[in-house]
Amino acid sequence: MPVALDAMGGDYGPGVLVEGAIEAARDFGVETILVGDEGTLKGLLEEKGANGLPLDIVHASQVVSMDEAPSEALRRKKDSTIQVSFGLIRDGRATACVSAGNSGATMASALFTLGRIKGVRPAIATVMPTLKEPVVLIDVGANVDCKPIHLYQFAIMGHVFSKIHLKKDSPSIGLLSIGEEDTKGNVQVKKAYDMLQASELNFVGNVEGRDIFKGDVDVVVCDGFVGNI
């Protein structure tokens with residue numbers, strides 16, 4: 001089943017995004033639904049000689065700009081490329097959505113259109129390069145204020161992501177803090193430390209910011225305010 005691509009979002013859409021979809025189709029056979037202005041996308045595909053590749057187009061008449069408030073975008077732009085992309089997942093026509101556009105609107109649209117697991121706080125993860133192997137950093141901007149249970153949930157999600165996508169049998173998890181000792185950190189971090197220590201996850205303790213790029217752990221957990229910085 002194909003991936004839905006917000007083909008108009010980001011700083012360099014749609015040209016760079018269409019090129020990426022073409023390369024993914026040619027090199028890896030990735031099926032993609034390009035969501036955006038049909039006329040513009042057809043012209044780009046013809047210009048780049050994409051005939052015969054597994055690329056389809058679904059028209060969307062609106063685009064969410066990078067500086068728009070997510071709540072406003074959801075209300076005013078029902079036919080935005082982001083909302084239409086998630087609608088394709090909801091309707092069983094796509095398995096995932098890729099967007100280089102407004103991350104807040106992307107998260108909000110995902111929640112509004114697809115829902116979430118009851119009691120679980122969604123987070124944004126990114127894969128960072130290190131001196132060794134890539135590390136998953138979570139959360140990087142979805143949640144500015146977090147409770148200890150949220151950090152614990154992020155660790156579980158990071159564990160699953162690392163295990164499935166980075167092929168780690170037992171991903172090691174570090175909690176971002178101001179020191180390696182278990183007494184370091186604010187109240188939320190200290191309580192999250194105790195929860196992780198008592199869990200069945202491969203929790204290795206606190207890590208500092210400088211440790212992220214060493215690659216000594218597979219997953220680094222933090223709140224979205226710190227992670228975004």
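**Reading the terms around D218**

Biologist: Why is D218 called buried?

Modeller: The relative accessible area of D218 is 13%. Buried means under 20%, exposed over 50% and partly exposed in between, using a 1.4 Å probe and protein chains only, so D218 is buried. The model is a predicted one, in which local features need pLDDT of at least 70 and side-chain atom pairs count only at pLDDT 80 or more, while totals for chains, interfaces and linings use all residues. Residues are numbered from 1 along each chain as its sequence is written, and side-chain values use heavy atoms, leaving out hydrogens and water.

Biologist: What makes D218 and K168 a salt bridge?

Modeller: Their closest N and O atoms are 3.6 Å apart. A salt bridge needs a side-chain nitrogen of Lys or Arg within 4 Å of a carboxyl oxygen of Asp or Glu, so the pair qualifies. D218 lies in the loop between β8 and β9 and K168 in the loop between α6 and β7, 50 residues apart. Both residues are buried.

Biologist: What does the side chain of D218 reach at 2.9 Å?

Modeller: The backbone nitrogen of S172. S172 is also among the residues in contact with D218, as are P134 and S162; contact means heavy atoms within 4.5 Å.

Biologist: How do you know that D216 and K132 form a salt bridge?

Modeller: Their side chains meet at 2.6 Å, N to O, which is within the 4 Å limit, so the term applies. The pair links distant parts of the chain, with D216 in the loop between β8 and β9 and K132 in the loop between β5 and β6, 84 residues apart.

Biologist: Why is K132 called exposed, but D216 partly exposed?

Modeller: K132 has 56% relative accessibility, so K132 counts as exposed. D216 has 48%, so D216 counts as partly exposed.

Biologist: Why are K42 and E38 said to be separated by about one helical turn?

Modeller: Because they are 4 residues apart in helix α2, residues 38-47. Helices here are DSSP runs of H or I with at least four residues, strands are E runs of at least two, and both are numbered from the N terminus. K42 and E38 also form a salt bridge, with the closest N and O atoms 3.4 Å apart.

Biologist: Which residues of the largest nonpolar core touch the most other members?

Modeller: L151, F154, I173, L175 and V221, out of 17 residues. Such a core is a set of buried Ala, Val, Leu, Ile, Met, Phe, Trp, Tyr and Cys residues joined through side-chain atoms within 4.5 Å. The largest share, 4 residues, comes from α7.

Conventions: A polar contact is a pair of N or O atoms within 3.5 Å; within protein, one must be able to donate a hydrogen and the other to accept it, and residues adjacent in sequence count only if both atoms are side-chain atoms. Lists of a residue's contacts leave out its neighbours within four places in sequence.
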